Structures are given as structure tokens and as C-alpha cells.
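The following exercises are to be worked through with the sequence and the model at hand. Each task sentence is followed by a solution in steps.

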Amino acid sequence: MDKIMVEKSPPLKGKVRINGAKNSALPILAASLLGTEDIILEDVPKLKDVEIICEVLASLGAKVEFLDEGVIKINSADINKYQTPYDLMSKMRASFLVMGPLLTRIGKTKTSLPGGCAIGTRPIDLHLKGFRALGATIDVDHGNIGAYAEKLVGDRIYLDFPSVGATENIMMAAVMAEGETIIDNAAMEPEIVDLANFLNKLGADVKGAGTSSIKIKGVKKLGGATHSIIPDRIEAGTFMVAAAITKGDILIENVITSHIKPVIAKLREIGCEVYENEDKVRVIGPKKLKATDIKTLPYPGFPTDMQSQFMALMCVSEGTSVVIETVFENRFMHVDELKRMGADIKIDGRSAIIQGVDSLMAAPVKATDLRAGAALVLAGLVSDGITEIRDIYHIDRGYDRIEDKFIKLGAKIYRV
Ligand code: UD1
């Protein structure tokens, strides 16, 4: 089992280029099952999760070719299976996103209940509510879910919570349903807009993505397209926090700054200087970090995927900070690990109260989920001694060899 070792590092300095977004690449790869001609995707991040979804596509009969760095060619003309293998589904929750495309393309789909980061119960009731509204019959037995429909017909669907995955899955199912579908209280994340843009390039008619009401007019058939994945706002945010926590100076390239407004605002409150310039953002950490409060919310609120990294920062910020997690009910697993490193954190339901300490100390810790792992890397950069991070397969799901980019910025970090 690989481990990542992090030593106390000097202020991180230099430039870093951000990859394409994992959370855009995964639904867009799933949506590639919808088209019958060649699809070329560019700026696809090289991640374990991307590998898994490509295996899922191949298992269904799609041809998947890895061309140059970050470029994948997919041809789904000959999809011949509707059942996805358990071992792949259990590794990653996002593999569930093939359900919507399969349902609309071939009228049936069967899969096991999804796996992924253990950050809450993460039900799929809203995905299924959408499929049912479009006319699908759902059956759930022995951990498998099947969805079947002779024909899908558009409807008006209200999401009780603006779930990212449910919005994507329903949008993909609706693109070839008969008539019009409206998704109300839809998620507004930039990754939803990227998916809608991709679907429209294939020939779909999706309007309103990025607002809370998405309107989809069904078409008969979808073709091919070339599409570049948008930059990963969470990877960008992680390096912004790295500049702050190490009191460094990092220029982050390939970002869409409007996607990271809450992260920029909070870093400024903490005392950082942040300069935005087209597709770049420069973050200079202050001599003294100040406490602040965050409340995670669906986009455009503060992203839950940046919560643990900010908590690492708050651990060494002067004063008392409060984090309220409203998106997932169990996303504080990193707290116990940070406490092992000397952090002063108390949990009260969905709130964490963090009392800043002067310094952290290295300890053997575990990446309990993807972003929790990133938080431990950040904490390790400012801890006395050598922090040993285990279970780093979680980190590899979302960051392409995280240590490489950190080393270029001057961090003392290595994989063993
Ligand atoms: C996506 C992201 C993940 C991010 C999350 C929230 C991908 C591949 N993953 O996950 O990184 O942390 O959005 O921004 O894009 N819920 C229900 N019923 C459902 C579906 C969801 O109650 O049918 C609840 C979940 O339990 C959770 C909340 O809605 O509490 C948010 O989940 P959702 O937005 O669906 O997250 P994911 O799409 O799984």
C-alpha cells in the first residue's frame, strides 16, 4: 500500500497548472454513451475515477481509446450490454451516472447500488424519482437497481434537494425522451453547465443549465463531438489553500475565477492577498492567518468539496472558526485525523468549532475520503516532523499524483 510522507515545508512558491475537472469528466464520459458517432474529449484528468468509468463504458460495449495526454476517444455506436459489473460500480459512486444514458439509449439498465467516498448515506432517491417521472419502472432487489422503459416521455420534475448527480442523470435520460422535461430546483454547479454544453454539441436541446430550472426538449438521436473539460475548481482551491497555509505565493493557471468566488472571498477574509487575472489567480499567504467561518452549500455557495482543506487552514489560524456542513451529514471524518496532529476541534452535530493552535505536529494519519486526504497533505506541510498519510487511494481518485505538483512548488513530500 502506497503512503504519502509530508515534511514541514518552506512557503510554497511558483506556478501550477490545473487539470480538467474530475466532476465534469465523469458525467461527460457517462454521457458519451448517448452518441452514435466519434466523441473526442480533451483535458480529461488522469485519475483513478476516470479509469474506472472508462472501464464501465468499455464493459457496456463502447470503444474507448486513450490518445495523447488528456485526450480520450469514445465510440458508443455498438452498445450491447445494459448491466454494469458490480466490482466497478462498488468502487465509485459516479458510475451510477451511466443509468440515465442507458435508459434513454436502450430502454433498460441494471446496476448495483453505487459505492464511492463514505461521506454520508448518499441515497439515490432523487435520481429514481426523475426516472420514474419520465415513465421508467424501477425495481430494487438484493443491492441491484433496474430501470426499464419502452419509451420515456418528458415531465416536470422537482428535486427536493439540488443534487448534482440527480440533475445530471435526469438530464441525460431526458435528452432523448419524447417531448419536454423541466427539472426544477436543479443543481447549478459549473459541471452541470459543462455537461449541458457537451450534450448540446452532440445534438441535444438543453436550456437553462446553470440556473435552477433546466428545460430539455427530447431529440431522436445524438451524434458525435469534440469537447474540452472545464478546469477543476476544487484542485484550484486546494492549491490556493496551500499558498495560504504555508504563507507562500502561488500562481494558479487554467482556472475560471467565477467558479471559485466563495473560496476567493474566504481566503481574503483569512488575510490572503488574491489577484485574479483572466484564467489565472495568484494567492499570497499572510504572515498571520485569521479565523473565519464557513457554511457549505450547493453552488454558488461554499463547496463542500473544499470544506476539509479549509478546516486544515483554520486549525492554524488565530482565533475561533466555525464550519457548518449542510450538504453531507457525515463529512467530518477528517476531524479525528487532524486532532491526531494536535488540532483543537469540537464537533456539535453538523458544526465544527476550531480553535486555532500555534503549530501542528506530524502523526500517522489516514485519508478517510478524497478531500480529507488533501486536507491532511495541507496540514502536513505545516506540521513539525514527518506526517505519514495512509489509504491514499482516496487521494488518487481525485488528484493526479498530488505530490508531483507540490514538489514543483517546493514542498517536501514523497510517496513510498
Ligand atoms: C457530487 C460530486 C461531489 C460533491 C457533491 C456535492 C461528482 C462526481 N461528485 O456528488 O464531489 O461533493 O456533488 O457538491 O460530481 N441526495 C439525496 N438523494 C439523491 C441524491 C443526493 O438525498 O438521490 C443528497 C446526498 O445524500 C447529499 C446531497 O444530496 O446529502 C448532495 O449530493 P449530490 O449533490 O447528489 O452529490 P453527488 O452527485 O453524489
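**Exercise 1: The surroundings of leucine 267**

Leucine 267 touches Met240, Ala244, Cys272, Val274, Val283, Phe310 and Leu313, with residues up to four places away in sequence left out. The model from which these contacts are computed is a predicted one.

Task: Determine in which helix leucine 267 is found, and whether leucine 267 is buried or exposed.

Solution. 
Step 1. Leucine 267 belongs to helix H9, which spans residues 261-270.
Step 2. The relative accessible area of leucine 267 is 0%. The limit for a buried residue is under 20%, and leucine 267 is therefore buried.
Step 3. From C-alpha to C-alpha, leucine 267 lies 24 Å from lysine 412, and the two are 145 residues apart in sequence.

**Exercise 2: The nonpolar cores**

Task: State how many residues the largest nonpolar core has, and identify what valine 206 touches.

Solution. 
Step 1. The largest nonpolar core comprises 73 residues. Leu29, Val50, Met171, Val175, Leu199 and Val206 have the most contacts inside it.
Step 2. Beyond its neighbours up to four places away in sequence, valine 206 touches Met171, Val175, Ala196, Leu199, Asn200, Ile214, Lys215 and Ile216.
Step 3. Another core, of 68 residues, lies apart from the largest one; Ala244, Val316, Leu338 and Leu360 are among its members.
Step 4. As a general background, nonpolar side chains tend to be buried together in soluble globular proteins.

**Exercise 3: Helix H10**

Task: Explain why helix H10 is described as largely enclosed by the rest of the structure.

Solution. 
Step 1. Helix H10 covers residues 307-315.
Step 2. Its buried residues are Gln307, Ser308, Gln309, Phe310, Met311, Ala312, Leu313, Met314 and Cys315.
Step 3. Nine of the nine residues are thus buried, so H10 is largely enclosed by the rest of the structure.

**Exercise 4: The ligand shell**

Task: Describe which residues surround the ligand and which element gives the largest share of the shell.

Solution. 
Step 1. The ligand is surrounded by 17 residues, of which Asp125, Leu126, Ser163, Asp305 and Val327 are the closest.
Step 2. By class, the shell consists of seven nonpolar, five polar and five charged residues.
Step 3. A backbone N or O atom of leucine 126 lies 2.7 Å from an oxygen atom of the ligand. For glycine 165, a backbone N or O atom lies 2.8 Å from a ligand oxygen atom. Asparagine 23 places a polar side-chain atom 3.0 Å from an oxygen atom of the ligand.
Step 4. On its own the ligand has 740 Å² of accessible area, and the protein covers 87% of it.
Step 5. Helix H5 (125-133) and helix H6 (164-174) are the elements that give two or more residues to the shell. The largest share, three residues, comes from H5.

**Exercise 5: Backbone geometry**

Solution. 
Step 1. Most residues other than glycine have a negative phi, and most peptide bonds are trans.
Step 2. Proline 300 lies in the loop between strand E17 (293-295) and H10.

Conventions: Residues are numbered from 1 along each chain as its sequence is written. This is a predicted model: local features need pLDDT of at least 70, side-chain atom pairs count only at pLDDT 80 or more; totals for chains, interfaces and linings use all residues. Side-chain values use heavy atoms; hydrogens and water are left out. A nonpolar core is a set of buried Ala, Val, Leu, Ile, Met, Phe, Trp, Tyr and Cys residues joined through side-chain atoms within 4.5 Å. Buried means under 20% relative accessible area, exposed over 50%, partly exposed in between (1.4 Å probe, protein chains only). Contact means heavy atoms within 4.5 Å. Helices (H or I, at least four residues) and strands (E, at least two) are DSSP runs, numbered from the N terminus. A residue is near a molecule or strand if one of its heavy atoms lies within 4 Å of it. A polar contact is a pair of N or O atoms within 3.5 Å; within protein, one must be able to donate a hydrogen and the other to accept it, and residues adjacent in sequence count only if both atoms are side-chain atoms. Accessible areas come from the Shrake-Rupley method with a 1.4 Å probe; for residues, only the protein chains shown count as cover. Ala, Val, Leu, Ile, Met, Phe, Trp, Tyr, Cys and Pro count as nonpolar, Asp, Glu, Lys and Arg as charged, and the others, Gly among them, as polar.
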